[in-house]
Amino acid sequence: MILGRHQQTTARPSLIVTGPAAAGKTTALLNVGRTCHLAHTRKNLPPPGSAHPTAPVAYVLVPPGATAKTLITEFARYLGIPVAARMTQTQITDAVCHTYTQAGVQLVLIDEIHRLNPRTTTGAQPADLLKDLTERLPATFVYAGINVTDTPLFSGTRGAQLAGRATLITCGPLPTRHGTREPFRDVITDIDNALDLTHHTPGTLPRHAPYLHQRTAGRIGSLTRLIRQAAITAIHDGTERITKTTLDAVQLDHLAEQHNRPTRNR
């Protein structure tokens, strides 16, 4: 049997980024989206005055207690699709699928996927919606959530469908050394190079790699939060530089602080 050219037999393979809290899942998700967006922009410069700009990447946050309608409304909100109170879920879904296809969305990033519980009536509906969207949109779906294998997300018939289509990528604390590489220092070096502080001395943060690993237990979420807050402080106080004293004054998330600082070098 020959299928029509517009009929799609199955969804594209997807990815699920999982791991403990503060392991850098959202950071990884956003970096993937940024890379995809920049690559698309370089290859597909819109003509001057184009009335239909492309949007290669969409980012949707699963709302707490999500229903199918509130979730599809988040999809609509991302691209500014008007949603009237009287619109049904089906109408919003049709508008989303049409607009996303017209905009050329190639990558759909869905964060906080662990909030869904397909074993409940409320959670089953948005799970079915996501399955429907993966079959209707010509895009790759990438999900992120906390320890999804320990949640109901992979259980039951719906969970089996998701698990059968998704490749699991586990994020965890970065080690100081992996073979001949130093992955934690490499991340710090990239952040150091991206800092736009007037008086920042390049190489400052990598020199404090052991201290930063101790403070954050290798968690990327905690690391980026620490450096971001130190940079904000440096801008506010006019020093425009990050020092170990600045870093030491930042209070981190409770998870990092619980693990924190058996010793301190002053």
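1. Let me start with helix α2 (residues 68–78) and helix α3 (residues 89–103): in this predicted model, their axes come within 9 Å and cross at roughly 30°. Angles under 35 degrees count as roughly parallel, so α2 is roughly parallel to α3. The handedness is worth noting too, as α2 passes α3 in a left-handed crossing.

2. Which residues make this contact? From α2 come Ala68, Lys69, Ile72, Thr73, Phe75, Ala76 and Tyr78, and they meet Gln89, Ile92, Thr93, Val96 and Tyr100 in α3. By residue class, the contact of α2 with α3 has eight nonpolar residues, three polar and one charged.

3. Now to the pockets: the largest pocket has a volume of about 820 Å³. Its lining is made up of 30 residues, and the closest to the pocket centre are Thr27, Ile220, Gly221, Thr224 and Arg228.

4. Which elements give two or more residues to the lining of the largest pocket? They are α1 (25–43), β4 (140–146), α6 (183–194) and α9 (220–236).

Notes
Residues numbered from 1 in each chain as written. Predicted model: local features only at pLDDT ≥ 70, side-chain atom pairs only at ≥ 80, totals over all residues. Heavy atoms only, no water. 1 Å grid on protein atoms, 1.4 Å probe; cavity = no way out; pocket = protein on both sides within 12 Å on 5 of 7 lines; lining within 4 Å. Points joined across faces, edges and corners; volume = space filled by probe spheres on them. Helix = DSSP H or I, 4+ residues; strand = E, 2+ residues; numbered from the N terminus. Axes fitted to C-alpha atoms, helices over the stretch in contact; angles between N-to-C directions. Parallel < 35°, antiparallel > 145°, perpendicular 65-115°, else oblique. Left-handed = near helix turned anticlockwise from the far one by under 90°. Contact = heavy atoms within 4.5 Å. Nonpolar A, V, L, I, M, F, W, Y, C, P; charged D, E, K, R; others polar.
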